[in-house]
Every structure is written in C-alpha cells, then in structure tokens.
Amino acid sequence: MDHDSNEHSSKRRKVPRNCGACRRSKVKCDREEPCSRCTKLRLPCQYFEVPQDPTTEKLKELESEIHRLKTLLPQSESSPQQLHNHVTLPSPAQTFLPEASTMTANSAGSGTILPMQSLDLDTLTQHTTNNSDPGTVSSNHSSGIVTASSVATAVTGGPILGGRSDSSIFPTLQTGFQDSAQRDKSRVSTMFRIRNEYLPDAVDVGLLGLAEARQCFDCFFQGNNRLVPVFSPEYDSFDSIRQRSSFLFDTVITFGYKVHFGAEHRGLFLHLRRRISDSLMLSLPSSSLETLQALMVLVCYWEHSWIFMDLALSMARDLNLPEAVEDAMTVISAAKAIGSTVADKELFRKARICCAVYVLDQIYFVDGGKAATIFCLDTPRRIRCLVDHPDRNAIDIRLLAQVELNQIRSSVHSDLPSGQDFLDISETKITRSLRNARIDLDLWLADWTHIIEMDNQTRPADREENAVNQQNLRIQHQWAWSSVNLRALSCMGAENLATMTPMQRQFIESAKLAAEKHLGQLLNGSLETVAAAAAASSPESLSQGTTTMSPYLASFKWATKFVWAKCAFSVLLTLRLAILLEDPFDHLMWLGLEAMNVAQQLKAVCGGQSEYFQILENSVSKFQKAVRDRRRGRHADGGMQSREQSSSNDAEAEFRRYLPREFSFDWNFPGLDLQCVPIDWDELFGDFGELIN
C-alpha cells in the first residue's frame, strides 16, 4: 500500500521538460538552454525545476556536513596538527581578553599553565585522562579523537558543569567546530539578545596604568589579606593573578585603590560591577578557586554580601574543599615530609580557603541572622595540626584560631533556645551553657596565646604579625563573651532591667564588663591600664584624647564591613549599658572620653567616610549630651535628680531610643533592645484603698 502511494506521489510531481514560453505557445521545444525559439524571439527561456523531496534534501545536507567533519578529524596514523590548528583558531573572545592567550591547566589552582599556542592533541589527551572525572569527559586514545568537552577540561582543569565555565576561553572551545559567522547570525535573528562578551581587566581598559595597578595590588596585600585570608603569598603574585583570572585581578586592585588613595575610584567600581555581571550572572561559571577568592573579597567589602556568601559556599562544595581539609590533616598526621611537592602546597591552599569560608559563614550565622550552611562535625581543636604545615604563615595562625573561636560561638548560639522555647528551659540550664562557654573561651585564649609564643621562637620573622594576632585574640575573646551573655538574655525574653531576676542581672553585668574591656583593647591596652592612665591625666588632656594611635585602629583602613559594624556596635553598647545601669557620673565621663578617642583615631584613619563611622560618631555625641543633661539635673546637695526631672531629660531618652537601621536589618547583634522602665505599682493599679471605701 505504501508502494502504491509512493508511485502516485511521483506521478503527481511529474514536470514538463519544455520551457515555459514554448509550452504556453503549444509548440515543440528543442530543450536547449536557451532554446532556439526563445533566442530567435528574444523571449526569457525558463525551465521548471523538479522540486526535491524534503527528506532527500535534508539527507544530502547531513551527508555534506558529515563529509566536512570527517576531513577535520585526524586519523590515528596521521599528524594531529590539522585538529590542533582548528581548535586554536583565535576568536573574538580570545583577542578581546588579555589572558585568553594562556589559560590555567587547573582552574582550581594547580599552577600549570598551558599556552594556547602549544596545545597539541597528545597534551590534551593525556591531561584529560589524568585530571577528569570518569564519565564526564570523552577521550579516545586509540583513534586520537578528543571531544570539545575534553579540550575544555584540559584547559580549565575540570569538567564543564551544565555547559558552563568560568574560563573566558570556553566559548571558543565549546563551539570550536562551529562557524562563528553562522553563530552570530543566529543570535541576531531574535528580537532579544543576551550579551555574552567578556570584559578585559582594568589595566587593558585604560582605567589604571600598570605601575598604578601594582601600587593598588601591593596595598591590598598589606592589610586586606589579613581579613580575607584566602591568598598564598608565594602563589598569588601580581602577574600570576592577572594571568589566571582577570575577575580576581580587578577585584583586588579595586579595593586596593580605595585603601591606597583613601577614596573610591568610580570607574573601577563601575567596571567591577560589570565584571561581576559578566563573570557570575551572565556566564554562570563553573567553580574555580580564583572565582571563589574574588567572591570572598566581595563578601567582605561589597554590598549585599550574603548573596556572594551563598555563591562562595556553593563553589566550595563543588571544589570539594572540605575534603581538602581532611586530606591535609591526614597528610600531617601521617608524619610524612609535607610541603615538598606541588600537590601538598595545593592541598594546603585549598584547606586555607575552606577555613576562611567556614569562618565567614559562621559569622553571618551568629551575627547576621543567616542560616548556617557549612558545619564542623568534629572537635575544632584538630584544626590546630595545620599549624605544623611548612606553608603556613602568621596570617594563617589568625585564621585557624578564628575557626575554633567561631565554632564555639556557633555551638553556644545553637544551644540557646529561640522563640518561645525558652519557656521550657530553666535558668539553670542556660547558666550551665554560659559557664561552659566561658571555660571554652578562656581555654581558647590561653592555648592560642601559647601557640603564638611558640611560633615567635621558631619563626622570629613573624613576631610583628604575631603581635597583631595576640591583640586580636584578646579583642575577640571579650567580644565573644559579651555577645554570649546578651544572647542569653535575648533568648530568655529579658528586655527590661527593672524586672530582671538576679541571675539575669548577673548576665548583663558580665556583658557590660566585657564590653568595657573590649573598648580598652581597641585602644591597645587592658581596661585597668587605660583607666589608670586616664586617672593620672588632667581633664584638659583627656578632653583632647590620647595622642598615641592604636595599632588595631590604625588597621581600619583595610577593615571589612563586619569589622566596622562590630566596632560601632560595641562602642554604642558599652555606652548604652552604662546609662541603663546608672553608673557613677565620673565613670560615665571617662567612658565618653574613651569613646570619643576611638572616634577621633578612626576619623584620622578613614576620614569619616564609612557609614558605620557616622553611627559611631552619632553614638558618642548623643551619649555626651545625655551625660551633660544628667549632670545639670543634679541637686545642689549632690543628690540625683527626681523622677520627674529624669523623665524630662530629652537627651538621655533620645540616646536610649537610638537604634541605627543597620543594626536592626543588616546585623543581628543582641543588646540594643534593652531598656530600664521602672514599674510604679501605685500608678499601674491605683489606690485600691479608696476603691474599697
């Protein structure tokens, strides 16, 4: 039946062989092109072409395409140069990017550079066999065939996830067997088109000169690397970073420029914003250590940092960084010669970045209200074995100590009840949790102080950096203990000091003492030392503030948003608690002068450009006005003002109500919701005696 239908179809498609003019005149045609009759009469001679079957036409196109591809595929007995030349043809992306000429063999940071001009088939085949995961890359040694995905794996160091890559050369490799003109033509045929071009770095664009970029780069690594400890001094050099990742390069020099010149470069920030869009939003790259490093910098210094934090956590998972920490600890515990191979160095580099990701995630969990994503399932003390790694530096000591500290803080935060759960938990259980937290924090401070002292003996060159580490340990210790006590009060629903139990009152007293010690540590000394110096000084010298710059405050030109927020909050909290607990007037004056000293030093460092500096300055100003109004409200005999006079103290009431928006929405710091509202039972219930009579 099908045969008959085909015959009828072919009969219907039978076409006359005479030209159109002869057929219309109904005369014989000699079927020449043109025919003699049309030539004689000067008529257009047109023959009707037989239309081909669509299936037959498609098959012919496929056969032509297969034949073209076969000519490109090298045979096992022939040289692979033809395929090599085809793969390494320059593309618009390759000529547009400065780093497109050379690509890192392992985007996760193996340090092996494969120049595009030197890539041959043997190198690609061998590299994909040794570095690719089974089932993700197709490689055939017997025939010498290398697929586009295997070529991309050889250059980027990993398989393409979902057809994506953070390497700017990937569009060239992914579509290496397509015609770029046809590809562009297909793109412009639609009404809307998504831009997919990659931007060059800031130096190639012309925003900075090469020498100026080096200055910004060096300035970044004089302080920013302490707060974003994801860099290797021997690996992350100027030329290396610029060659491996222009995205990371632009991120570093943008924030280095702000520190070096004391102001933001509008062009650099706009350029970096476009780079973020290109590298993260449009191309949706696969994970790489360089992109992860750039994300960590953005987490610390850019707006909406929680978005970059989530992206960084996803990349850390894709790169198997938690497994790298385990492997690094296993190598060290095996008592082998570590650090002697490239693999050992790369393993520690990954472990370092994983520890930094963990610390920031726990900070955003405890202090930012974000859900924790990465967890420490074992005791954090085991991380100390990484101190023995030969590639470890003084900044890594600070990082490893932060891993252990934030594990303690997150554990206490998770153990404390939340919401209405505190109704089912007694004060005794919360007191026990705080006692354990205090023991852990004290042991942490003592142990890491001893580790630093031992490191000073074995590495005298690190003494200066370790001095900064020791001061940071003391500051973090007081901050953690103050936060734990205030967090316990918050979870118990205790906000009014007038109705607190004796145990809750003890919590707030402990938090206040730790906050004042924290203020003393900011000024580079213990609370007792600073108080003694203040008592020995004249009021005139106190009003001018101390002239010695605190090393800790001097480093604030590199400070992250969290460090700025924590400093402004801790000063405001110290002053607020002193007012609520009605400290003596002389003590209030001293606290106000010390807070003003902190503000003056920070203004000299940053010029008052940070939004958190404005919060700090407003806090000190409002506190001093409240203290002056309280002093004027005293009686002549030295007694304190009456309740009516106290209620009319507008400056003090304003200071008690002062709650910056950043501390309500951006951070989850506890303690600023505390109030002291005395309850007058006579005013609340009236005179029941008169009602009875």
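**Salt bridges, cysteines and a nonpolar core**

The side chains of Asp318 and Arg317 meet in a salt bridge, with N and O 3.5 Å apart; the term stands for a side-chain nitrogen of Lys or Arg within 4 Å of a carboxyl oxygen of Asp or Glu. This is a predicted model, in which local features need pLDDT of at least 70 and side-chain atom pairs count only at pLDDT 80 or more, while totals for chains, interfaces and linings use all residues. Residues are numbered from 1 along each chain as its sequence is written, and side-chain values use heavy atoms, leaving out hydrogens and water.

The structure holds 27 salt bridges. In one of them Arg630 pairs with Glu652, the closest N and O atoms being 2.8 Å apart. Because Arg630 lies in helix H30 (residues 611–632) and Glu652 in helix H32 (residues 650–657), the pair ties together parts that are 22 residues apart in sequence; helices here are DSSP runs (H or I, at least four residues), numbered from the N terminus. Arg630 is buried at 7% relative accessibility, and Glu652 is buried at 3%, where buried means under 20% relative accessible area, exposed over 50% and partly exposed in between (1.4 Å probe, protein chains only).

The largest nonpolar core has 149 residues, such a core being a set of buried Ala, Val, Leu, Ile, Met, Phe, Trp, Tyr and Cys residues joined through side-chain atoms within 4.5 Å. Its largest share, 15 residues, comes from helix H28 (residues 561–580).

A search of the whole structure finds zero disulfides, that is, pairs of cysteine sulfur atoms within 2.5 Å. For Cys19, the nearest cysteine sulfur, that of Cys22, is 3.4 Å away.

Note on methods
Helices (H or I, at least four residues) and strands (E, at least two) are DSSP runs, numbered from the N terminus.
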